[in-house]
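Dear colleague,

I am passing on the structure below, together with a short account of what was found in it. Please have it open while you read.

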Amino acid sequence: LEEKVAAILRGLPKAWRTRIHPMREVVAEVASTLRRPERFAAGSLFEAIATEVENACRVPLEPDTLAASELEPSLRFLIEVRRNGTVLDRSRDASSVRGRWSGTAREGLDRRGREAKALARWTRDRLHRLPDEPLPTSVEVDLHGRRVEMHPALVLDGTRVSMRLEPRLARALALSHLGLRRLFRDAVGEAMAHHLDYHPRWGEVKGAFATTEATPLAEAVADLVCERAFRIDPRQVRDAGTFEARLAQGERDLYGRLDEVVAALAESGRARLDLAARLDAPAPEAWRAATAAIAARLRRLDPRDPAFVPELLPGLPRYTAALGVRLDRLRSAGPERDRLDAATIASFEARLAALAEMESGDFDVRCRRLRVLIEELHVATFADRLGTAEPISPTRLERAFGAFGAVRDAAAGSS
């Protein structure tokens, strides 16, 4: 940079050049200032040099005067025009590149403008309600010069819901499920907060799930209540009328569903506190891997954990109790038996994580079903005396994964 600044200033007409004194110190000061993070590559180089020269030696230069300085080719920017990684043009003469490619660039901008206009119809920020007209499952838009099938989705971005197009129907529905849940939650937020604050067992839940900040736990509980009260189905709730009807129906049952959620969390909370205390107690060194695995599984049974799904709620007290039985079994069966039994479950969990990754991290209904079945297999493996909600074994779970793959492949082939 210093070499380039020096070349620009020394290329000025003599009448200007002699006024910049001492040249070497001014060049060093200007280059040092332009290297600062807040100044580097910010705006026009010639405007920046003109400003700093005036600050350094009170010489009022015009940017056009500086731009007229002749520079060696090595000090000029090397400009490349690329398409998909292939270099189409390369030159240090910006005006010649501009002349050769301005028409092509204008055509590209015009095409992008048409594409943006087509997409704008299906793009909305900060939605508070669904549109009056039913939202189509699929639409065709012009992209890159061809007609492409896309799928409108309600996307949760932090605490806001927006609408955008997704290329895959399965992902659009999974995203819309979360977006709809947020819209329902926003609609009943005040009533939900009131019911929760005055619920007789809410303090018990907060104590059991050991948190210093109640808001995240309250939000997780609110999501669980909305799942149960509003029976969220993005295939059915596609317009404002359906949304309002589902909202009115769910509001009548809001407190009852909230009571179910809080009760399940409170019942599991007793076993949770006991298990946490036991895990904190001194234990043989050989148990370390097993107790760490039990603690990790306990964290995944927290409604705030990303791996928690609403379908786990009815069995939550039993799933938590099973972890206590597993800890008891360490004393009689030993850590090696625990490791071998846990390996089978871990293999299924790894496969589920891979499926979730293929769905870009969004669980659909079938993924959530597999999550529950894995938890039931954990109960059957380590605490069979507690019973399971349905018959389960590694073979049955293998069939469930196979069925998921068949349905997923069929859906991919049709979209």
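**Strand pairing and aromatic contacts**

Strand E5 (residues 146-157) runs antiparallel to E6, and 7 bridges join the two; two strands count as paired if DSSP finds at least two bridges between them, and strands (E, at least two residues) and helices (H or I, at least four) are DSSP runs numbered from the N terminus. This is a predicted model, in which local features need pLDDT of at least 70 and side-chain atom pairs count only at pLDDT 80 or more, while totals for chains, interfaces and linings use all residues. Residues are numbered from 1 along each chain as its sequence is written, and side-chain values use heavy atoms, with hydrogens and water left out.

E5 and E6 form a hairpin with 2 residues between them, and Gly-158 in the turn has a positive phi of about 75°. On its other pairing, E6 meets strand E3 (residues 124-127) in the antiparallel sense over 2 bridges. Met-163 in E6 is the bridge partner of Arg-124 and also of Leu-154.

Turning to the rings, Phe-184 and Phe-230 form a stacked aromatic pair, 4.5 Å centre to centre with 5° between the planes; rings of Phe, Tyr and Trp (its six-membered ring) pair if their centres lie within 6.5 Å, and planes under 30 degrees apart count as stacked, over 60 as edge-to-face and the rest as tilted. Phe-184 lies in helix H7 (residues 169-187) and Phe-230 in helix H10 (residues 214-230), so the pair ties together parts that are 46 residues apart in sequence. Phe-184, Phe-230 and Phe-243 form one aromatic cluster.
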